[in-house]
Amino acid sequence: MEPLLLPFRWVYRGLVYFANSPRTLIASYLLMIVVAGVIYGQVEHRSAADAVWWAVVTASTVGYGDISPTSWQGRVLAALLISTMVLLVIPLITAHFASRLIVDDDAFEHVEQEELKNDMRRMRALLEELAARQGIVLPELPPAPAPPDHAALVRQRLRGRRNRR
């Protein structure tokens, strides 16, 4: 089963790479416009300017209708261009900018979290020492939850998927 999933993983990694790089997103968009324009110009016997204009209008799904394909090759090209833009490129661009807007600048980094944990441990130790000097009994803390065993969670999910089939 693993070899069958390998191409999908490559595609997924490629999409993640494209989605995380504005340069590659813009470059891929421009490359698609130019390639689609060149192919359209050849298939439909149009000038380079008309072909690129058609590619931009079609890729943006505006579709003015001033230029449209008449051959089956041009229509297939238009369908591929529209599908790729609507199902892949536009969502990737939207996701990229949305992820930039959602970033929490106030979130603690890992180093800061660890520093806070160590400070809390030191404060607890000092509090216990002070309480012992004063003869005060501190209530017991509930046991800390065990850190998650990620490998066990993955195995459990895989078993659940196999059982559903």
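Is R124 buried, partly exposed or exposed? R124 counts as partly exposed, because its relative accessible area is 24% (buried means under 20%, exposed over 50%, and partly exposed in between, using a 1.4 Å probe and protein chains only). Before we go on, keep in mind that this is a predicted model, where local features need pLDDT of at least 70, side-chain atom pairs count only at pLDDT 80 or more, and totals for chains, interfaces and linings use all residues. Residues are numbered from 1 along each chain as its sequence is written, and side-chain values use heavy atoms, with hydrogens and water left out.

Let's stay with R124 for a moment. It forms a salt bridge with E128, and the closest N and O atoms are 3.0 Å apart (a salt bridge is a side-chain nitrogen of Lys or Arg within 4 Å of a carboxyl oxygen of Asp or Glu). Side chains of opposite charge can pair when their charged atoms come close. E128 and R124 both sit in helix 5, four residues apart, about one turn of the helix (helices are DSSP runs of H or I with at least four residues, numbered from the N terminus). E128 is partly exposed too, since its relative accessibility is 40%.

Helix 5 covers residues 110–134 and also holds R122 and D119, which are three residues apart. Their side chains meet in a salt bridge at 2.1 Å, N to O. Further along, R133 and E129 pair up at 2.6 Å, N to O, and these two lie four residues apart in helix 5. R133 counts as exposed because its relative accessibility is 64%, while E129 is partly exposed at 40%. Across the whole structure, a search finds four salt bridges.

Now look at helix 4, residues 72–102. Its 31 residues reach 43 Å from the first C-alpha to the last, close to the 45 Å expected (that is 1.5 Å times one less than the number of residues). There's a bend of about 45 degrees at M85 (the angle between axes fitted to the seven residues ending there and the seven starting there). M85 is also one of the buried residues of helix 4, along with others including L81 and V89. What covers these buried residues includes helix 1, helix 2 and helix 3.

Helix 2 is also the place of T24. T24 counts as buried because its relative accessibility is 14%. Leaving aside neighbours within four places in sequence, T24 is in contact with Y17 and F18 (contact means heavy atoms within 4.5 Å).
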